[in-house]
Amino acid sequence: MQRLHHSFHQLRHASPLKIFVLAAAFILVSASLVFYSRPASPSDIDLVASLPSSNNDIENKGTCYVDLEFLRSQGYNSSAKYARLEIAVRRTENFTGFSDTLPTRFPAYQKIRLDTIEQQAPLSPRICSPAVTIQAPLPVAPPNASHILFGVATTLHRLDDSLPAFAHWAGGTDARIYALVDSEASSVIRRVQERANELDIRLTIIQSDDDRLDQYFSLLRVMLKHRDASTRWAVLIDDDTFFPSMRNLVDRLATYDATKPQYVGAVTEDLAQMFSWSYMAFGGAGIFLSIPLLEELNKVYDDCNSIKTTGDRRVARCIYTYTHTKLTWDRDLYQLDLRGDASGFYESGRPLPLSVHHWKSWFQADMVGLGQVAAICGDACQLHRWRLKDNWFLVNGFSMIKYTSPGNVDLMEKTWEDSKYRGGDGFAFSLGPFRPKDEGKVSFRLRNATRQAGSVRQVYIHDLGPENPPEVVEVVWKTASG
């Protein structure tokens, strides 16, 4: 009390200039407190990173920061408009299915600077809190797929590049993969093998000097040789064949009688391709052969191997020429002979495919990134499409989109190049009904997905060209607390 009285005594005897300086300082501090305590609008938040953080500081922040280094790696070096949507997931045994709506809106943007030396910029805790909580099924262990053999003919480089995708569906399942590759140095093969072991993939690499098409067909004998008493299926795949859910695949195969000759697969989606290559199982979707059929083909192996055509076509001609087995087209397997922009397929809201193909050649889609979110909300939430309150759509693991018109969204948007078939729409028989391509839709595409601290971070980016900062939406999936 005496100290306070002394302060007032000093103030009474201070010069007018000193009183003015003190008053100005008080007003500035008060104004700052008022500004930073009110809710921020999208236009007045400017995240400016502090001094570089240590790794321990980053770990302590959990997921509440912006990864500036990743955005710079995408070619953005000045600034970006950043928005963040957090979704909490409560795993429950009473789960009955995902709804098609999320009771939240597209999040507000903030301006972030990228012209700094920092790797991360911290966020306010209020931004890093769930906007909505959804239910999901209880976690389950990987299925037992030891009764399935997979065969792929490829190069060692492409095989190495495919391992992260293979890990999504084969890792920890006891499925066996036999890869035929050209002769390589043993040290390189050992490195790829060790990487597969680290990813818990049961991979066997076999060197062969045959050409690629002969390698492909010889996989029939390789898998027959390595079958055991539990083996039910031999599956031919391409190195860019991807199965979003191994559990779904195992369950679907269980609906076929593998004690009888079975030839299961998918035709091309493009009638022009079918007229060129015939009605057969196209290899990228996966060719599923029961062991009884494989044994029949082994008896005529030499005759069939003399048919010099593509690998999947050689298999088809062998089956049609020497056995009574016909193709069973499983409509959830997809060859995806779509060129250009395949977003309409992935954003359609239709059931999760059993297989997809061409995702890193004929078009670009990050299947490895797509699969990350399954760790938080299960296989069924991959590619699930939620409609937000303001008619934005979150297609989980692929995009965030807003159409020029929210009507007819249950029709698949035809975004890819037209078929060369001249008898009508060459894709309607397989993928229709369609709606025209929405030239004005706003699309944020997945650029990165990472698991971290019991969460999955998805970064979706809308690139507005070199003259404008990109728009970035980060969707963070977290296990609900409590």
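Visitor: Let's start with His462: buried or exposed?
Guide: His462 counts as buried, at 17% relative accessibility. Buried means under 20% relative accessible area, exposed over 50% and partly exposed in between, using a 1.4 Å probe and protein chains only.

Visitor: What sort of model is this?
Guide: The model is predicted, so local features need pLDDT of at least 70 and side-chain atom pairs count only at pLDDT 80 or more, while totals for chains, interfaces and linings use all residues. Residues are numbered from 1 along each chain as its sequence is written, and side-chain values use heavy atoms, leaving out hydrogens and water.

Visitor: Okay, where does His462 lie?
Guide: In strand β21, residues 455-462. Strands (E, at least two residues) and helices (H or I, at least four) are DSSP runs numbered from the N terminus.

Visitor: And what does His462 touch?
Guide: Leaving aside residues up to four places away in sequence, His462 touches Val442, Ser443, Phe444, Pro470 and Glu471. Contact here means heavy atoms within 4.5 Å.

Visitor: How many aromatic pairs does the structure hold?
Guide: There are 25. Rings of Phe, Tyr and Trp (its six-membered ring) pair if their centres lie within 6.5 Å; planes under 30 degrees apart are stacked, over 60 edge-to-face, and the rest tilted. Phe106 and Phe444 make a tilted pair, 5.7 Å centre to centre with 50 degrees between the planes.

Visitor: Which parts does that pair tie together?
Guide: Phe106 is in the loop between β4 (101-102) and β5 (110-113) and Phe444 is in strand β20 (residues 442-452), so the pair links parts 338 residues apart in sequence. Phe106 is buried at 14% relative accessible area, and Phe444 is buried too, at 0%.

Visitor: Which residues form an aromatic cluster?
Guide: Phe150, Phe166, Trp169, Phe243 and Phe288 form one.

Visitor: New topic: at what angle do α7 and α10 cross?
Guide: Roughly 120 degrees, with the axes of α7 (residues 212-226) and α10 (residues 291-299) coming within 10 Å. Axes are lines fitted to C-alpha atoms, for helices over the stretch in contact, and angles run from 0 to 180 degrees between N-to-C directions. The two are therefore oblique to each other; under 35 degrees is roughly parallel, over 145 roughly antiparallel, 65 to 115 roughly perpendicular, and the rest oblique.

Visitor: Which residues make the contact?
Guide: From α7, Leu220, Arg221, Met223 and Leu224 take part, and from α10, Leu294, Glu295, Leu297 and Asn298.
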